[in-house]
Each structure stands twice: as C-alpha cells, then as structure tokens.
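Reader: I would like a close look at one part of this model. Please stay with that part, then show how it ties into the rest.

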Amino acid sequence: MVQTKKLKDGSRQVILNGKQYDTITKVLTELANKTKASAILFADMSGQLISQRGNTEDMNTTVLSALAASDFAATSEMAKLVGEEAKFKLLFHEGEKRNVYLSNVGDNFFLVVVFDVSVTLGLIRIYTKKAIEDLSAILEDDSSDGVTDEIMIDSDFSTLLGNALDDTFK
Amino acid sequence: MFINWAQQEINLKIVYYGPGMSGKTTNLEYIHSKLDPSLKGDLVSLKTKEDRTIFFDFMQIEVGRIKGKKPKFNLYTVPGQVYYASSRKVILNGVDGIIFVADSQPHRMEANIETLLDLESNLKQDGHSLENFPWAVQYNKRDLPGAEVVDVLQKRLNFFNVPHFEAVAVKGDGVFNTLKAVINLVVQNVQNQL
C-alpha cells in the first residue's frame with residue numbers, strides 16, 4: 001500500500017516506493033498505447049505529479065498537474081453548492097483539437113488523459129476505467145510494504161539543504 | 001509532502017496566505033525573477049483582468065540534488081479577497097508549510113486578523129492547527145510611510161510566536177529569508193516525527 005503517514009500536526013506524508021512507481025508507470029503506458037492519448041498524467045490531489053506517459057515533452061506537466069488538482073478541488077466545492085453529496089468523479093474539457101478527461105483514483109489521486117478530438121470519448125472512458133481499477137489495486141496492495149523504511153530526511157540532509165538554499169537564494 | 005523513491009524526489013507544498021493586496025504574488029514574482037532558469041519552472045498566475053489573483057499562482061523551484069535526493073518546492077499563493085474563501089480552502093489541500101504575508105499598514109490590521117482567523121479555520125477543517133503547524137509571518141510593505149511598528153503587529157498577529165520577517169517584497173527584502181525559514185520549519189517538522 002502507498003504509505004500515507006499522518007504527522008503530529010495533521011499534515012499528510014505520502015510515500016511511494018520504487019516497485020509501486022514502476023507498476024503505476026506500466027499501467028499508464030498500457031493506457032497510452034490502447035487509447036492513442038497524447039498524454040497521460042497520474043498525480044496526487046495536492047497537485048504533485050507522480051508519473052506521466054505519452055508525448056509530454058512540449059507540455060508543462062508540473063503546471064498541468066497543479067491546475068488539474070485545483071480543477072478537482074474547485075468542482076468538489078461546486079458539487080457541495082449544487083447539492084451533490086459525493087464529489088464529482090470525472091471532469092471533461094472539450095476543445096477544438098484536444099480534449100482533456102480527468103478522473104479521480106480513490107480520494108487522493110487522479111488521472112489526466114489528454115487526447116485528440118479524433119479519438120472517441122467512449123474509448124477513453126472504457127480504458128480509463130480499467131486503468132483506474134488497476135491503479136487502485138496497486139495503491140492498496142500491501143505486499144511491498146516495509147521497503148520504504150530508509151530515512152530520507154536526517155539532520156545531515158537538513159544542513160545540506162540549508163546550504164543549498166543559501167546558494168540558490170543569494 | 002510527497003516522496004517518490006523511484007525518482008528520489010521529495011515534493012513540498014508551501015502556500016502564501018494573507019489578505020488581499022498584501023504582496024503574496026509579489027513574493028513569488030520576485031523569487032521567479034531572481035532564480036537561475038535551471039532551478040525554476042514557469043510562474044502560472046490565474047488572474048482577473050484587473051490583475052488580481054482569482055484562484056492561485058503556482059511555481060515549482062528546485063535546489064539541485066542533496067545526498068542524491070531531489071527536493072522540489074511547490075509554491076502557491078491564495079486569492080486574498082474575502083469572497084474567494086472557498087478557493088483559499090482548496091489550495092491548502094496537502095500543504096506542508098505556510099507563509100502568512102501580512103500588510104504592515106495600520107488600516108489593514110483588521111484584514112490581517114480576519115485572514116489569519118480564516119486560515120486557522122480552514123486548517124482546522126483539515127485536522128491542522130496554527131499552534132503546531134510549520135508557518136512564519138512576513139510583515140510586508142515596511143517601506144511605506146506610517147507602517148505599523150513591528151511590536152504592535154507581533155502582539156496582534158503572532159500569538160504563537162512563530163518566526164517573523166520584515167519585508168519589502170517589491171524590492172525583494174525579506175522574501176528569500178521568509179521562504180528559507182519556512183522550508184527549514186517543514187524539514188524540522190518531518191525530522192521530529194521520525
């Protein structure tokens with residue numbers, strides 16, 4: 001299972017191990033191949049991009065993830081205002097050349113599929129639904145727990161980070 | 001905080017919070033103007049025609065690799081105006097550290113207090129509290145004539161005695177110091193939990 005630690009102050013720490021990352025990326029690759037989508041992004045609801053596939057070289061996917069997360073957040077507030085008790089599960093943006101299909105994966109993650117208008121929405125829906133099932137299974141699988149015990153942030157790290165910040169901000 | 005072991009990445013989300021026109025976007029614009037292009041992404045601003053933030057500003061910055069790990073800082077601002085309350089709430093999702101940008105002008109004191117209470121109430125809904133959350137106060141617009149004395153601002157706004165900084169964000173004074181302090185608080189906070 002993806003480790004989600006709740007820190008004392010209430011903030012959330014999400015930790016993804018190497019195996020999970022590889023399996024997630026595999027699901028995205030499969031989705032990209034089957035749908036011919038231009039780009040596929042998997043990100044967390046706070047806006048952090050986790051993995052991407054497709055022709056994303058010319059696309060600022062970091063910003064795209066941040067905007068998509070806000071899109072979700074804004075529409076879930078809209079849901080409340082119009083009397084929808086659950087969150088909206090998917091968002092669809094229709095353009096002249098390209099469409100964007102966004103769907104949540106559990107409460108904490110989401111998938112963005114960017115595709116040409118020549119690709120039918122039905123095809124995207126079917127394969128995205130399958131990918132979401134696969135991704136949910138990976139996120140819930142607890143067979144790989146315990147591999148992330150290495151401490152990433154120690155006191156040495158914070159000193160070095162302090163120095164790096166000084167260099168960057170001078 | 002999001003840690004991706006496969007990519008050796010640590011992602012932190014820092015939010016600039018504060019009343020309207022206090023200088024949150026200006027902080028980001030200054031950082032963006034000064035950083036080496038290899039260490040920063042685009043600065044995205046969702047603004048109204050009048051140049052006011054309608055949803056948020058966003059920018060990702062990096063500092064290179066540290067012990068093989070790549071820390072990335074995602075900086076966001078919230079819209080300050082009272083009627084964008086729900087936008088402010090949603091930007092706080094997954095936040096790791098907060099910079100409260102207060103306006104030093106005496107007539108903005110009430111707006112500062114109101115926004116701080118709004119922040120506390122939004123944090124509480126997510127199970128946080130200002131009392132033990134990593135945050136700092138930046139007293140901005142120190143150059144304006146008639147700016148309130150820092151002691152008064154401290155008494156009215158900094159009731160948890162968090163680090164505070166005097167700033168003139170348009171000139172960049174205090175901008176990096178505030179950001180660095182909050183990043184340090186976030187890192188300390190993570191260490192304390194281990």
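What follows looks at the contact between chain A and chain B.

Author: This is a predicted model: local features need pLDDT of at least 70, side-chain atom pairs count only at pLDDT 80 or more, and totals for chains, interfaces and linings use all residues. Residues are numbered from 1 along each chain as its sequence is written, while chains are lettered from A and ligands numbered from 1 in the order in which they are written.

Start with the contact itself. Chain B gives 46 residues and chain A gives 42. Contact here requires C-beta atoms, placed from the backbone, within 7 Å. On the chain B side, the elements with two or more residues are β1 (2-4), β2 (9-17), β4 (53-62), β5 (70-77), α2 (85-91) and α5 (175-193). These are DSSP runs numbered from the N terminus: helices are H or I with at least four residues, strands E with at least two. α5(B) supplies the largest share, 10 residues. By class, this side of chain B has 22 nonpolar, 17 polar and 7 charged residues. Nonpolar covers Ala, Val, Leu, Ile, Met, Phe, Trp, Tyr, Cys and Pro; charged covers Asp, Glu, Lys and Arg; the others, Gly among them, are polar.

Now the helix pair. The axes of α4(A), residues 155-168, and α5(B) come within 10 Å and cross at roughly 170 degrees. α4(A) is therefore roughly antiparallel to α5(B), a label for angles over 145 degrees. Axes are lines fitted to C-alpha atoms, for helices over the stretch in contact, with angles from 0 to 180 degrees between N-to-C directions. From α4(A) come A:S155, A:S158, A:L161, A:G162 and A:L165. They meet B:K180, B:I183, B:N184, B:V187, B:Q188 and B:Q191 of α5(B). This contact holds 4 nonpolar, 6 polar and 1 charged residues.

Take B:Q188, which lies in helix α5 of chain B. B:Q188 counts as partly exposed because it has 14 C-beta neighbours inside 10 Å. On that scale, 20 or more is buried, 12 or fewer is exposed, and in between is partly exposed. B:P134 is 54 residues from B:Q188 in sequence, yet their C-alpha atoms are 8.9 Å apart.

Strands also link the two chains. β2(A), residues 12-16, runs parallel to β1(B), joined by 3 bridges. Two strands pair if DSSP finds at least two bridges between them. B:F2 in β1(B) is the bridge partner of A:V14.

The nonpolar core comes next. The largest one has 96 residues. Such a core joins buried Ala, Val, Leu, Ile, Met, Phe, Trp, Tyr and Cys residues through C-beta atoms within 7 Å. A:I40, A:F110, A:V112, B:V15 and B:F100 have the most contacts inside it. α5(B) gives the most to this core, with 9 residues. Leaving out residues up to four places away in sequence, B:V15 touches B:Y76, B:V78, B:I91, B:L92, B:V95 and B:I98.

An open sheet of 5 strands runs β4-β3-β7-β6-β5 in chain A, with antiparallel pairing. The twist averages 10 degrees from one strand to the next.

β3(A), residues 39-44, pairs with two strands of this sheet. With β4(A) it forms 5 antiparallel bridges, and A:F42 stands opposite A:S51. The two form a hairpin with 4 residues between them, where A:G47 in the turn has a positive phi of about 105 degrees. β4(A), residues 49-54, is mostly covered: 5 of its 6 residues are buried. With β7(A), residues 109-116, β3(A) pairs over 6 antiparallel bridges. There A:L41 stands opposite A:V112, a residue already named among those with the most contacts in the core.

Two helices of chain A meet this sheet. α1(A), residues 18-35, packs on it, touching β3, β4 and β7, at about 35 degrees to β4(A). α2(A), residues 61-81, lies across β3, β4, β5, β6 (98-105) and β7, running at about 65 degrees to β3(A).

Note on methods. Parallel < 35°, antiparallel > 145°, perpendicular 65-115°, else oblique.
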